[in-house]
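Student: Please take a close look at the salt bridges here, and go slowly enough that I can follow each step in the picture.

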Amino acid sequence: MAAENDNKSIGQAMQLMVSAGDAKDLAHQALTAARNGDLDLAKEKLTAAREKLTAAHNVQTTMLTAEAQGKTIQLTLLLVHAQDHLMTAITYVDLAEELVALYNRLDQK
C-alpha cells in the first residue's frame, strides 16, 4: 500500500510539473505574440495557459483533500520541486496577463 501511495504521489508531482511547465510556455508564447502585435493570439495563449494552471490546481486540490482526510502524503524533494514549478508558473502567467494588457493598451493609442 505504501508503494502504491508513493507511486501516486510521484505521478501527481509529475502532473503538477508538466501542467505548470505547459502554462509557463503558453504564457511565454502569449508575450511573444503580443510583442509581435498579434494580440488575439496572445489572448488565446493566455486562456490556454490558465486552463493548464487549472489542471495543475485540480491535482493540487486532490492532494490537499486527501491529506485533510487523514491520508498521509510523504513530502519529498520531487513534490517540493513540483510546487515550486506551479508557483513560478502562476506568477509568470499573472505577469504575462498584465503585459499583454499593456501591449493592448498601447496598441489602442
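Tutor: What follows is a walk through the salt bridges, pair by pair.

This is a predicted model, in which local features need pLDDT of at least 70 and side-chain atom pairs count only at pLDDT 80 or more, while totals for chains, interfaces and linings use all residues. Residues are numbered from 1 along each chain as its sequence is written, and side-chain values use heavy atoms, with hydrogens and water left out.

Side chains of opposite charge can pair when their charged atoms come close. A salt bridge here is a side-chain nitrogen of Lys or Arg within 4 Å of a carboxyl oxygen of Asp or Glu, and a search of the whole structure finds 3 of them.

Begin with Lys-52 and Asp-22, whose side chains meet in a salt bridge at 3.5 Å, N to O. This pair links distant parts of the chain, since Lys-52 is in helix H2 (residues 39-68) and Asp-22 is in helix H1, 30 residues apart; helices are DSSP runs of H or I with at least four residues, numbered from the N terminus. Lys-52 is partly exposed because its relative accessible area is 31%, and Asp-22 is partly exposed because its relative accessible area is 31% (buried means under 20%, exposed over 50%, and partly exposed in between, with a 1.4 Å probe and protein chains only). Lys-52 is also touched by Ser-19, which has Ala-55 and Ala-56 among its contacts too, not counting residues up to four places away in sequence; contact means heavy atoms within 4.5 Å. Ser-19 is in helix H1 (residues 2-35), and it counts as buried because its relative accessibility is 12%.

Now turn to Arg-50, whose side chain meets that of Asp-94 in a salt bridge at 2.3 Å, N to O. Here too the pair links distant parts of the chain, with Asp-94 in helix H3 and Arg-50 in helix H2, 44 residues apart. The side chain of Arg-50 also meets that of Glu-97 in a salt bridge, at 2.9 Å, N to O. Arg-50 lies in helix H2 and Glu-97 in helix H3, so this pair ties together parts that are 47 residues apart in sequence.

Arg-50, Asp-94 and Glu-97 are therefore to be read as one network of salt bridges. Arg-50 is partly exposed at 29% relative accessible area, Asp-94 counts as partly exposed at 34%, and Glu-97 counts as partly exposed at 27%.

Technical notes
Helices (H or I, at least four residues) and strands (E, at least two) are DSSP runs, numbered from the N terminus.
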